[in-house]
Amino acid sequence: MLDIFLRTLPFFAIIGLGYWAGRSRFFSEQATASLTKFVFYFPLSAMIFRFAANLSFSEIFDPRLILGYLLGTMAVYILTTAVALLRRLDMQTAAVEAQCAAIGNVGFLGLPMMVLLFGPASVGPMMLILSVDLVVFSSLIVVLINLGRGSGFGGDTLRLVGRGLLQNPMILSICAGLIWSALALPIPTPANAFLSLLGDAATPGALFAIGASLASKSAERVQIASWLSFAKLVLHPAAVALCLLLLIPVDPYAAAVAIAAAALPVAGNVYMLAQHYGVAPHRASAAILLSTTLSILTLPMVIAWVSEMTLP
């Protein structure tokens, strides 16, 4: 537990440095937005493409892992939605709360951290998890918000979902990398060096951007944020563990990576979606801030547990 805590501490230290830069206005909100956009479109995409291009499709695709992670995540999504509806919230707000409880910071925080803690073989499971989050749940919130607004599940909603998927650089990077891998094309040495150099900026850049963006997040609605943080940091990994260890058993290593990924704090893109649609952005903001702070302690605990339970 102490060893894992010390190994994850540098990640959170860079987040803390970014938080200081944002809080002290050394980094303005505009500068933070520009840094986030740079990391999202360039270093992170380069890192994901390089990882995917060096893996075979068989190393990545695991239908049991997809099903188990999807069921565990959907269970928490449905539970959080039900709790929100029992509190007489509208469908749009319930969808945002469910997204907070189910979608972790897999791209910016999870990928680099799991590679460090579990090794390069963790890339395959992490890409599957990232794909499920982006394709299923990032589409689901758009559908639910449009349904809640009476727009229905028509052509406009489908086009909106499709456009969002096609414009997401993470999805495009995964697909391009897998196609490159399937064609068995070698990456030329200069191109590999370029991707490596650019991809190396992803981890520090993403962590710094997370911290700087947290500086502008609100600490309002602490009671709701506490419930959503509990759902994300405790219920989500517990549900995924139940599915992958008992209901749909998978390879212990893949299960450990997936459970650890489920214990990641709320993803920043939940706030972006909430802000874009004008649905409970302060609620999402508080959940991101609180869950990221608490994950400094909870994430090492989960990783230590899954390492002991599932790995030799």
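Pro120 sits in the loop between α7 (106-118) and α8 (123-148). This is a predicted model. Pro120 counts as exposed, because its relative accessibility is 65% and the cut-off for exposed is over 50%. Elsewhere, the structure holds three salt bridges, and a search of the whole structure finds zero disulfides.

- Pro120 and Leu67 are 53 residues apart along the chain.
- The C-alpha atoms of Pro120 and Leu67 are separated by 23 Å.

- Side chains of opposite charge can pair when their charged atoms come close.
- Asp3 and Arg7 form one of the salt bridges, with 3.7 Å between the closest N and O atoms.
- Both residues belong to helix α1 (residues 2-23).
- Asp3 and Arg7 are four residues apart, which is about one turn of the helix.
- Asp3 is partly exposed, because its relative accessibility is 47%.
- Arg7 is also partly exposed, with a relative accessible area of 32%.

- Glu97 forms a salt bridge with Arg87, and their closest N and O atoms are 2.9 Å apart.
- Glu97 lies in helix α6 (residues 91-102), while Arg87 lies in the loop between α5 (63-86) and α6.
- Glu97 is buried, because its relative accessibility is 1%, and buried means under 20%.
- Arg87 counts as partly exposed, at 33% relative accessibility.
- Glu97 also meets Arg283 in a salt bridge, at 2.8 Å from N to O.
- Arg283 lies in helix α16 (residues 281-310) and Glu97 in helix α6, so this pair ties together parts that are 186 residues apart in sequence.
- Both Glu97 and Arg283 are buried.
- Shared partners join Arg87, Glu97 and Arg283 into one network of salt bridges.

**Cysteines**

- A disulfide is a covalent bond between the sulfur atoms of two cysteines.
- How many disulfides does a search of the whole structure find? The count is zero.
- Cys175 is partly exposed, because its relative accessibility is 41%.
- Cys243 is buried, because its relative accessible area is 7%.

**Ser139 in helix α8**

- Ser139 is found in helix α8.
- Is Ser139 buried or exposed? Ser139 is buried, because its relative accessible area is 10% and the cut-off for buried is under 20%.
- The Ser139 side chain reaches the backbone oxygen of Val135, at 2.6 Å.

- Helix α14 covers residues 252-262.
- This helix is mostly covered, with nine of its eleven residues buried.
- Which residues of α14 are buried? They are Ala254, Ala255, Ala256, Val257, Ala258, Ile259, Ala260, Ala261 and Ala262.
- At the start of α14, Asp251 makes a contact with Tyr253.
- A side-chain oxygen of Asp251 comes to within 3.1 Å of the backbone nitrogen of Tyr253.

Definitions and conventions:
Residues numbered from 1 in each chain as written. Predicted model: local features only at pLDDT ≥ 70, side-chain atom pairs only at ≥ 80, totals over all residues. Heavy atoms only, no water. Helix = DSSP H or I, 4+ residues; strand = E, 2+ residues; numbered from the N terminus. Buried < 20%, exposed > 50% of the residue type's maximum accessible area, 1.4 Å probe, protein only. Salt bridge = Lys/Arg side-chain N within 4 Å of Asp/Glu carboxyl O. Disulfide = S-S within 2.5 Å. Polar contact = N/O pair within 3.5 Å; in protein donor to acceptor, adjacent residues only side chain to side chain.
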